Amino acid sequence: MNNPGLLPDPGLKDIWVYLSASPLLGLTITLVAYGLAYRLYLRTGSSPWANPVVTSVALLIGVLVLTGSTYDDYFAGAQFVHFLLGPATVALAVPLYQQFSRLRQLWLPVTISLICGVVIAGGSSIGLAWLLGGSTEIQMSLAPKSATAPVAMGISEKIGGLPSLTAVLVVLTGITGALLGTKLFEWLRIKDDTAKGIAMGVAAHGIGTARAFQVSPQMGAFSGLAMALSAFATALLVPWLVDLMAAML
Amino acid sequence: MVMLRGFLVLTAFFVIGEALRVMLALPISGGVLGMILLTLLLMVRGSISDSLANASQALISVLVLLIMPGVVGVFFQADQFASEWLAIALALLAGTFLSVLTTLWVMQRAVAGRPKAGTGE
């Protein structure tokens, strides 16, 4: 708000100074950026490359940089959107409950592979970040990255990571998993849609699930199940895993 | 008004989750605790009210919007991680790769180990 470089006209500048001081503007640009990014995503046939999180955030950062806004100014408006993450996290209980019926005969293999997947996802990223000289903050931000964003951010905050960094890592993990997973299944000639779906949901949450639905409805459904269960498992296992690894490393 | 009732259930469980977290000093956020409690309640009850289903659907469909303000924040803290981006990128790539591979392998092993496992739908 200090230096609106884009607006030379003094009249417009006055309006800008007035508006940017109110939370209304931060809220509005967030909604506009989301709307535009979502359109682009649908236009590209829901390609993981055009993930709406990446494009909307790039757009927002562009606007904030061009208008010389600080994050605090922006967040004064965006906090209203941000606050709804709490109730939205609770809302995930509904799909989680609805997916439980799919477990029926497969509950044992799914539970075992889920626990392995969650522990390996968290453990390997903590271990690797530690090996490569990443700070504790980075390691903790990476640990819950395979869970869906609101859950991962909630865990990160409580184990000493940075929730906003975790949000970015969650999105990047989702995109990586969606692209890498699909290739990996081709190379390994995996045909079983159930196993592919479970692996995708555990490693790449909602973004992987969106990709899985493009492959087959069965893979999508199991990915959705795995994503819901992995949020649950990550919340229960990762804080404990972190303590264990802290004692070892 | 119907959706508001569902929203009230969500905020109520959020409040209960927060209260439990503070009282028991748990390392999990109030939202996640609320999610776990509500899931358990739904499993016990065995049904979901329309208002709760609608309110949840409304919030979940805009999850991307809800995480945007947090994600934008990283850009303003980027200097802090400038020296660590390689460690972050490698840990992320390898971690994701390993977790896909492990889950897939264990899942296939576990299903193959069963005499006549269900094949889903």
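I'll start with a pair of side chains: at 25% relative accessibility, A:Lys158 counts as partly exposed. Its partner is A:Glu157, and the two side chains meet in a salt bridge at 3.1 Å, N to O. A:Glu157 is also partly exposed, with a relative accessible area of 46%. Please keep in mind that this is a predicted model.

Now the other salt bridges. Over all chains, the search of the whole structure finds three. One of them joins A:Asp193 to A:Lys196, with the closest N and O atoms 3.5 Å apart. These two residues sit three apart in helix 11 of chain A, so about one helical turn separates them. Buried or exposed, A:Asp193 and A:Lys196? Both are buried. Helix 11 covers residues 193-215. Setting aside neighbours within four places in sequence, A:Lys196 touches A:Phe185, A:Ile190, A:Lys191, A:Val215, A:Met219 and, from the other chain, B:Leu104.

In chain B, the side chains of B:Glu18 and B:Arg21 form a salt bridge at 2.9 Å, N to O. They too are three residues apart, in helix 1 of chain B, residues 2-24, and therefore about one helical turn from each other. B:Glu18 is partly exposed, at 28% relative accessibility.

Next, chain A as a whole. Chain A has twelve helices and zero strands. Its C-alpha atoms fill a box of roughly 70 × 45 × 35 Å along the principal axes. Of the 249 residues in chain A, 56% are buried. Among contacts in chain A with a separation of 6 or more, 65% are between residues 24 or more positions apart. The accessible surface of chain A is about 10400 Å², and carbon and sulfur atoms account for 68% of that.

On to the interface. How many residues of chain A are in contact with chain B? The count is 101 residues of chain A, against 72 residues of chain B. Between chain A and chain B, about 7400 Å² is buried, with carbon and sulfur atoms giving 82%. A:Tyr34, A:Val90 and A:Tyr97 supply 9% of the area that chain A buries against chain B, more than any other three residues. Between the two chains there are zero salt bridges.

Aromatic rings also pair up: there are seven aromatic pairs over all chains. One of these is A:Tyr38 with A:Tyr41, a tilted pair at 6.1 Å centre to centre and 55° between the planes. Both lie in helix 2 of chain A, residues 23-43, three residues apart, about one turn of the helix. A:Tyr38 is partly exposed at 34% relative accessible area, whereas A:Tyr41 is buried at 13%. Ring pairs also link A:Tyr71, A:Tyr74, A:Phe75, B:Phe75 and B:Phe76 into a cluster.

Last item, the surface. A nonpolar patch of about 1100 Å² draws on both chains, its members including A:Trp130, A:Trp240, A:Leu244, B:Trp85 and B:Leu90. Which elements give two or more residues to the patch? They are helix 7 (107-131) and helix 12 (217-248) of chain A, plus helix 6 (85-112) of chain B. A:Leu244 lies in helix 12 of chain A. At 39% relative accessibility, A:Leu244 counts as partly exposed.

Methods. Residues are numbered from 1 along each chain as its sequence is written. Chains are lettered from A and ligands numbered from 1 in the order in which they are written. This is a predicted model: local features need pLDDT of at least 70, side-chain atom pairs count only at pLDDT 80 or more; totals for chains, interfaces and linings use all residues. Side-chain values use heavy atoms; hydrogens and water are left out. Patches are made of residues with over 30% relative accessible area and no salt bridge: like charges are joined within 9 Å, nonpolar side chains (Val, Leu, Ile, Met, Phe, Trp, Tyr) within 5 Å. Accessible areas come from the Shrake-Rupley method with a 1.4 Å probe; for residues, only the protein chains shown count as cover. A salt bridge is a side-chain nitrogen of Lys or Arg within 4 Å of a carboxyl oxygen of Asp or Glu. Helices (H or I, at least four residues) and strands (E, at least two) are DSSP runs, numbered from the N terminus. Buried means under 20% relative accessible area, exposed over 50%, partly exposed in between (1.4 Å probe, protein chains only). Rings of Phe, Tyr and Trp (its six-membered ring) pair if their centres lie within 6.5 Å; planes under 30 degrees apart count as stacked, over 60 as edge-to-face and the rest as tilted. Contact means heavy atoms within 4.5 Å. Buried area is the accessible area (1.4 Å probe) that two parts lose on being put together, summed over both.
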